[in-house]
Every structure is written in C-alpha cells, then in structure tokens.
Amino acid sequence: NSIFSYAEARLDTESLSGDVLNDALYHRTREVEDRLNVDINVIDQDYWSENPVSYITNIVMSGEDSVDACFIGVQKNVTAITNGIYADLNDISELDFNKPWWDSNTRKYYEIDGKLYTALGEASMNIHDSLWALFFNKDILENSGLEDPYALVRDGKWTLDKMYSLVEVAGNDIDGDGTLGAGDQWGLMTHNGSAFAFLHGAGCRGVDMENGVPYVCDIDDKMVSAYEKIRTLFSAKATMTDDKMSGKLGYTCTEGFQNNHGLFLAEVFGHAAKLRAMDTDFGIIPYPKLDENQKEYVAYYSPATNGFCVPKTAKDYSRTGTVIEVMSALGYRDVRPVYYDVVLTGKTARDNESVEMLDIIFSNIESELAYIYQWGGYSETIKNVATGTKDIVSTLTSKKEATEKAIDKFIDSLQ
C-alpha cells in the first residue's frame, strides 16, 4: 500500500483513537475480517522515499504468492503494468465495477484494449484526497468586495474568465513597493501541476480514450482557447506558483494560503488537513468551466492516486476479489460518509454550501492519460504550454507523433 505525506492512504489502523476517520477505517476492516473469516495485514510503503512498485515486482518475478492485493500510485505503477506483473481484473468475477463503490468515470482511462490492470475504488480513501479542488478565503473575498463563488458555480457562470477577474482584483500590493511579495496578498496560489486540473475543468484533455484505445486529442479551437485562458491565469501578476516563486517568499502556496496571503488555493483535497487550523473560514468550489456554454463542471484526479491491483502470483483470485469487493462496499457505506460529511464538511468545508459543491466535484471526475502513462513526454509539454509562453499549436503538435508511437508501444506490451 502506497502512503503519502499529503493525502490519506490508510487501509487499516491499529486501534481505536477517537478520531472519526481512524475509527471508521478500523471498524470497516475488522468487519471485513469477521464476515469473511480472513486476516488483513497491510504493508505500507512511502510513495516517494520507498519503492512499492519494485517491491511487488520482485515478489511476482520470484514466483512468491505472499501478497494478495496492492494499492499503488497509478503513475509509478505503469512499469509494473507493462511488465505483466498484474492479473487482468476483468477476469475476476467477484469484482463488480458497475457498483457505486468503484469509480466508473475513470475506469475508461485504465481499461485499455479490453484489459484492466488497475482500478480506483472506495477500499482506499486516497482516491478522495488525491482529487484536485479550489479553496477560497472568505475574509479576503468579502474584504475585496468580490462576487460569491458559490452563486457563480450554481448559476453556471463560474468560468476561467470570471476566475481571472477575481484573481486580478484580489491581488494587493500591501507594502506598496510596486511588486507582489511575501507580505502581500495574492489572487491565486498554486503550482504548475494544477494546469491539468484547469485543463480538465475546461472540458479538455491531452490524451483521451475511445473504445479502449488511447488517442492524442486534436488541437482544435476549443483546446487553444482553453490553453490561452489558463496561461492568462498563470501569468497574471496576482498569481503565485511554487515553481515561479521557489524560495523567494519563505512559504509554499499551501502555507501562504493558510496564513491568509491569498484568495484562491489550487491543490488536492489532501492539503485540506493543513487548512483546518486556519482561523479564517474558507470554502471549496470546482474548477472553472471554459465558458458558460459548457454543460458540466469537471474534476480531476492526481496521477499519484492509489489504484487497486492484483499481483499475478496471488494465491486465490476469487478470494482476493471477494475481500476487496466487500472492503470497497463497506468503505463506501461506512468510511466515505465520515470522510465526506465529517472530515470535509465538518472540519474542512465548514458550511452547507461547500457540501453542495462537493456533490458537484465528486460527481464528474477525470484522469489525464498523458500524465499517468508519461507517453512521449507529452504531459510535460502540456504543463509547459499551459503555464508558459511558447506557441500553443506548434509546440503541442511537435509532440504528437512521439506520443502516438509511445501509445502504440504501450498497447503492444499488453498483448
């Protein structure tokens, strides 16, 4: 099981502690054990400093059957997938991916050429903490005399242009030295990774999927418009990114937002835990649409999200399928409400309107295939184009052929 410093990833806890999420996880896993007469033993490894992919690969390559299932950050897990380390989850009949405890929206991103080697589900709360969200500081909003983001979202008027206008107004050179710095007020605080969240929010993708086959999306007028609006936001005088301001301010985007230095923070839900200590109230809203013609708001998963896999050497696929299906169903029934209603809406979201916003965010989630699978280096190009100044069409087009070749090679490796 991959664990993260910034996101909830526990599958089990050792004992009851009085913390509601801890205790919900504890009770969930004990109930699975009691119902199915199994013992669940979790081996946790840090996603960044340890190597859970290498660990599971070595086990499978040596023919060991000591691990029945694993939950590993999808992006780092690609090499294991292409090396044939995992079983095809579609072959395990006990897993029912049509049930609400599996994320049906993102299944299409992982089911390639009819084979499904990893899936996102409610056995692990990590899928929620790895979701990108927009936080806003209510005091700064009010003091700046700005429109209510909740009303804008509700009325379908929360767009990239509207967000840019709020960001610009919120920027405030408090010390009057002609430039925004550590003691000033920023409109948006983030890092370049949020470019993908803004791109998906605008209804665009780098690589999409049709009938189980990945393809590079056309650089059409809609796509160009999205990139132009996103780079306008990133290049705004009032936007602070960790990338641009590295070491210059003495705080990261999350720390700055926590200390009331910015109107908006674009980050994953996992960082919300750090914001609970804030005296200032904050709200949570989805990423903006491209324009008011766009029907739905779109949310986006980090590629580090923990996906469920079954090692090829697992002793009993049927038993594994049963355990994980029950674990996911009980997670959906008992743990998700605690995460959602208490941890987010009670300690973090702090108001009923944010609950409504969470319903919107959780209802329509996508993944970015270019970022997960790193085909042809296209995701770096996407990020650089969205946050930089290079020509949009020619820069993206120059990577298309290499990306398509990498996709073909990937599909061939799955045969």
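Rings of Phe, Tyr and Trp (the six-membered ring of Trp) are taken to pair if their centres lie within 6.5 Å; planes under 30 degrees apart count as stacked, over 60 as edge-to-face and the rest as tilted. The structure is a predicted model, in which local features need pLDDT of at least 70 and side-chain atom pairs count only at pLDDT 80 or more, whereas totals for chains, interfaces and linings use all residues. Residues are numbered from 1 along each chain as its sequence is written, and side-chain values use heavy atoms, with hydrogens and water left out.

By the ring criterion, the count comes to 17 aromatic pairs. One of them joins Phe136 and Tyr150 in an edge-to-face arrangement, with 5.3 Å centre to centre and 70° between the planes. Phe136 lies in strand β6 and Tyr150 in helix α7 (residues 149-154), so this pair ties together parts that are 14 residues apart in sequence. Helices (H or I, at least four residues) and strands (E, at least two) are DSSP runs, numbered from the N terminus. Phe136 counts as buried at 1% relative accessibility, and Tyr150 counts as buried at 2%. Here, buried means under 20% relative accessible area, exposed over 50%, and partly exposed in between, with a 1.4 Å probe and protein chains only.

A stacked pair is formed by Phe196 and Tyr371, at 4.3 Å centre to centre and 25° between the planes. Phe196 belongs to helix α9 (residues 195-201) and Tyr371 to helix α15 (residues 369-373), so the pair ties together parts that are 175 residues apart in sequence. Both Phe196 and Tyr371 are buried.

Arg30 is placed over the face of Tyr26, at 4.9 Å from the ring centre. The charged end of Lys289 sits over the ring of Tyr297, 4.5 Å from its centre.

Strand β6 is part of an open sheet of five strands with mixed pairing, in the order β10-β7-β11-β6-β12. The edge strands, β10 (239-241) and β12 (282-285), each pair on one side only. Neighbouring strands of this sheet are turned by 20° against each other on average, direction ignored; axes are lines fitted to C-alpha atoms, for helices over the stretch in contact, and angles run from 0 to 180 degrees between N-to-C directions. Strands of a sheet pair through backbone hydrogen bonds, either parallel or antiparallel. Two strands are assigned as paired if DSSP finds at least two bridges between them.

Strand β6 (residues 132-137) pairs with strand β11 (residues 262-268) in the antiparallel sense over five bridges. Within β11, Leu265 is the bridge partner of Phe135, and Glu267 is that of Ala133. Strands β6 and β12 likewise run antiparallel and are joined by four bridges, with Ile284 of β12 as the bridge partner of Phe135. Six of the six residues of β6 are buried, so the strand is largely enclosed by the rest of the structure. In a regular strand the side chains alternate between the two faces of the sheet. Both faces of β6 are covered, with Trp132, Leu134 and Phe136 buried on one side and Ala133, Phe135 and Asn137 buried on the other.

Strand β7 (residues 186-190) is mostly covered, five of its five residues being buried. Its pairing with β11 is parallel and extends over three bridges, and Met189 stands opposite Leu265 in β11. The pairing of β7 with β10 is parallel over three bridges, and Met189 stands opposite Met240 in β10.

Glu267 is found in strand β11 and counts as buried at 6% relative accessibility. A polar contact is a pair of N or O atoms within 3.5 Å; within protein, one must be able to donate a hydrogen and the other to accept it, and residues adjacent in sequence count only if both atoms are side-chain atoms. Such contacts join the side chain of Glu267 to that of His191 at 3.0 Å and to that of His271 at 3.4 Å. With neighbours within four places in sequence left aside, Glu267 is in contact (heavy atoms within 4.5 Å) with Leu131, Trp132, Ala133, Phe135, His191, Cys253, Thr254 and Tyr287.

Terms used:
A charge sits over a ring if NZ of Lys or CZ of Arg is within 6 Å of the ring centre and within 35 degrees of the ring normal.
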